[in-house]
Amino acid sequence: MRLEGRIALVTGGASGIGAATCRRLAGEGARVAVTDMNASGAGEVAAEVNGMPYEMDVRDGPGIAAAVKAVEDELGPIDILVNNAGYDEFGFFVNTDEAMWDRVLGVNLRGVIAVTHAILPGMQERRRGRIVNVASEAGRVGSSGSGIYSAAKAGVIGFTKAVAREAARYGVTCNAVAPGPIETPLLMAAPEALGDVGQKLVDVMVGSTVLRRLGQPDEVAAAITFLASDDASFVTGQALGVSGGLAMI
Ligand SMILES: NC(=O)c1ccc[n+]([C@@H]2O[C@H](COP(=O)([O-])OP(=O)(O)OC[C@H]3O[C@@H](n4cnc5c(N)ncnc54)[C@H](O)[C@@H]3O)[C@@H](O)[C@H]2O)c1
């Protein structure tokens with residue numbers, strides 16, 4: 001029970017890695033605010049983990065402010081923020097357009113920035129906090145068919161390091177995880193979007209892991225929970241690969 005008494009807010013908590021993270025954090029004693037643009041999915045996960053659901057779209061500034069206020073009024077000050085919400089539109093870069101760049105950067109990069117901007121000042125005031133951003137190995141090695149997503153995730157890693165430097169003096173740590181291919185609806189959308197080519201992209205990713213398999217959401221949730229706990233008290237500004245050895249950086 002490493003997180004007894006802590007309040008955690010998870011974005012994109014209704015599915016995949018986010019839902020697994022809500023389960024892990026709650027299992028360690030945290031009270032979890034399960035946030036997602038998918039309100040009913042957030043409700044189901046919250047009911048399962050004895051947490052509270054909040055409808056929150058990470059692209060919506062006023063909506064973020066309202067949700068953060070509701071969480072702090074109902075549960076208390078936020079000790080742990082997991083910026084997990086993300087998505088991709090698979091396709092080769094030459095086939096993308098500006099609207100698509102804005103959509104993918106808007107959720108995966110700007111969303112992380114916006115939610116952090118709403119929550120970090122309170123953490124700094126209270127002189128404690130843990131931020132864990134869900135980046136991707138795509139941000140370090142690049143992922144074919146995911147150019148804009150790779151750019152966003154590289155941005156998340158840079159942002160993580162800058163926040164770690166600025167927030168350290170206030171007792172707040174900021175780290176990232178960089179998952180490899182994880183068996184969630186997000187990754188499984190690649191074959192749906194691109195057919196055989198999409199399936200080949202997934203196969204290549206799996207083949208790039210030295211463990212030669214897909215990861216499971218709970219394996220990423222375990223690393224996030226470590227970074228959110230006091231066990232990681234001397235760890236900040238890191239991007240921890242949870243990728244079966246896909247990249248060794
Ligand atoms: N699955 C993988 O292979 C993989 C690999 C590396 C990184 N990641 C990252 O892990 C994180 C979780 O992805 P997942 O694989 O569990 O996907 P998922 O599709 O299972 O879950 C993503 C969740 O985010 C929510 N979401 C999407 N856009 C949102 C928005 N604008 N506001 C609020 N919520 C939003 C969705 O409703 C969904 O519940 C993402 O940041 C993703 O980029 C996934």
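**View 1. Helix H1, from end to end.** Helix H1 has twelve residues and reaches 17 Å from its first C-alpha to its last, close to the 16 Å expected at 1.5 Å a residue (the expected span is 1.5 Å times one less than the number of residues). Helices here are DSSP runs of H or I with at least four residues, numbered from the N terminus. This is a predicted model, in which local features need pLDDT of at least 70 and side-chain atom pairs count only at pLDDT 80 or more, while totals for chains, interfaces and linings use all residues. Residues are numbered from 1 along each chain as its sequence is written.

View 2. Is H1 buried or exposed? Eleven of its twelve residues are buried, so H1 is largely enclosed by the rest of the structure. Buried means that 20 or more other C-beta atoms, placed from the backbone, lie within 10 Å of a residue's own. Among the buried ones are Ile 17, Cys 22 and Arg 24. After H1 comes Gly 29, with a positive phi near 105 degrees.

**View 3. The shell around the ligand.** Of the 29 residues around the ligand, Gly 12, Gly 16, Gly 86, Thr 184 and Leu 186 come nearest (a residue is near if its C-beta atom, placed from the backbone, lies within 6 Å). H1 (16–27), H4 (98–126) and H7 (185–194) each supply at least two residues of this shell.

**View 4. H7 beside H8.** H7 and H8 (residues 196–208) pack at about 150 degrees, with their axes 5 Å apart. Axes are lines fitted to C-alpha atoms over the stretch in contact, and angles run from 0 to 180 degrees between N-to-C directions. The two helices are therefore roughly antiparallel, a label for angles over 145 degrees.

Methods
Angles under 35 degrees count as roughly parallel, over 145 as roughly antiparallel, 65 to 115 as roughly perpendicular and the rest as oblique.
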